Amino acid sequence: MPTRAIRHRGDRQARPRSAARFAEDNNRVVIADVTIEHDGEEWKIHLNSDYIPRLRISSTYRDLIAKGTLSKEERDYLRERMRSGKFLIDSIEQRQRTIERITREIIKAQTPFFENGVSHLKPLTMTQIADVVGVHETTVSRAIANKYVKTPHGVFDFKYFFHPGYQADSGASVSNTSVKEMIADLVTTRIAPPPLSDQELVAKLQTRASRSPVGPSPNYREELGILPAI
């Protein structure tokens, strides 16, 4: 009995939050699938291939066919398996090429973001990228699903770069993500209360962005954690 008590006390000392092991761990470790960096002259794309298995067709099967000792059924079976294996290898390589092409077009479309940050993010749709790359929109969606890109401004889900936005009579455009960034900046840099009203925010956004119409979405306060205006 004393031994059990001593062991239990030692266990409590080793685990100051003993119930933590029963709590759900929501921490996620994200490893970027693509890294984008500037080398001083141009934007470079580096694909992370560490998680992709290195596949090849074993020469053993080619040798078995070349020996001529197999029956027709055995030769046909091996040839079919080899074709399937080659198709899988080609598909993986094609997917990597597609991701690289999509990334390159995102850089072209979102160059202001890569150079200056989130507030310069432009409206962009998957259809626009698909048209340039020469694939269907669903191909773009599948290629970037659950994939992340490392940029000079942080690590982002690929889908982060696709947002609707607003366009002025002048033709200038801004994504709704950039609008939220500007709203957050307006609120955090405001020295004195009370909180800005929607009308005041719209006026300040139009002045700052020099484009019209630009305004917050109806639920922007909840999304950004901003107090309602009095």
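How are helix 5 and helix 6 oriented to each other: roughly parallel or roughly perpendicular? Select both and look down one of them: their axes come within 8 Å and cross at roughly 105 degrees. Helix 5 and helix 6 are therefore roughly perpendicular. On the scale used here, angles under 35 degrees are roughly parallel, over 145 roughly antiparallel, 65 to 115 roughly perpendicular, and the rest oblique. The axes are lines fitted to C-alpha atoms, for helices over the stretch in contact, with angles running from 0 to 180 degrees between N-to-C directions. Helices (H or I, at least four residues) and strands (E, at least two) are DSSP runs, numbered from the N terminus.

Before going on, some housekeeping. This is a predicted model, so local features need pLDDT of at least 70 and side-chain atom pairs count only at pLDDT 80 or more, while totals for chains, interfaces and linings use all residues. Residues are numbered from 1 along each chain as its sequence is written, and side-chain values use heavy atoms, with hydrogens and water left out.

**Stop 1: where helix 5 meets helix 6.** Show side chains for Met126, Thr127 and Ala130 on helix 5, then Glu137, Val140, Ser141 and Ile144 on helix 6; these make the contact (heavy atoms within 4.5 Å). They divide into 4 nonpolar, 2 polar and 1 charged. In this count Ala, Val, Leu, Ile, Met, Phe, Trp, Tyr, Cys and Pro are nonpolar, Asp, Glu, Lys and Arg are charged, and the others, Gly among them, are polar.

**Stop 2: helix 3 against helix 6.** Thr98, Ile99 and Ile102 of helix 3 touch Val140, Ala143 and Ile144 of helix 6. That contact has 5 nonpolar residues, 1 polar and no charged.

**Stop 3: the core.** Now select Ile102, Ile106, Phe114 and Phe161, the residues with the most contacts inside the largest nonpolar core, which has 25 residues. Such a core is a set of buried Ala, Val, Leu, Ile, Met, Phe, Trp, Tyr and Cys residues joined through side-chain atoms within 4.5 Å. Elements giving two or more residues to it are strand 1 (34–38), strand 2 (43–47), helix 3 (72–109), helix 4 (111–116), helix 5 (126–133) and helix 6 (137–144). In soluble globular proteins, nonpolar side chains tend to be buried together. Centre on Ile106: leaving out neighbours within four places in sequence, Ile106 is in contact with Phe114, Ile129, Phe158, Phe161 and Phe162.

**Stop 4: Phe156.** Jump to strand 4 (residues 154–157), where Phe156 lies. Phe156 is buried, with a relative accessible area of 13% (buried is under 20%, exposed over 50%, partly exposed in between, with a 1.4 Å probe and protein chains only). Beyond four places in sequence, Phe156 is in contact with Phe113, Lys147, Tyr148, Val149, Thr151 and Phe161. Draw a distance to Ala32 as well: Phe156 and Ala32 are 124 residues apart in sequence, yet 8.4 Å apart in space, C-alpha to C-alpha.

**Stop 5: Asn146.** Find Asn146 in the loop between helix 6 and strand 3 (148–151), exposed at 70% relative accessible area.

**Stop 6: Arg95.** Back on helix 3, pick Arg95, partly exposed at 34% relative accessibility. Arg95 touches Tyr51 and Ile52, not counting residues up to four places away in sequence. From Arg95 to Ile144 is 9.9 Å, C-alpha to C-alpha, across 49 residues in sequence.

**Last stop: colour by confidence.** Colour by pLDDT, the predictor's confidence in each residue, from 0 to 100. The chain's mean is 76, and 60% of its residues reach 70 or more. Zoom out to finish: the chain has 9 helices and 6 strands, and buried residues make up 29% of its 230 residues.
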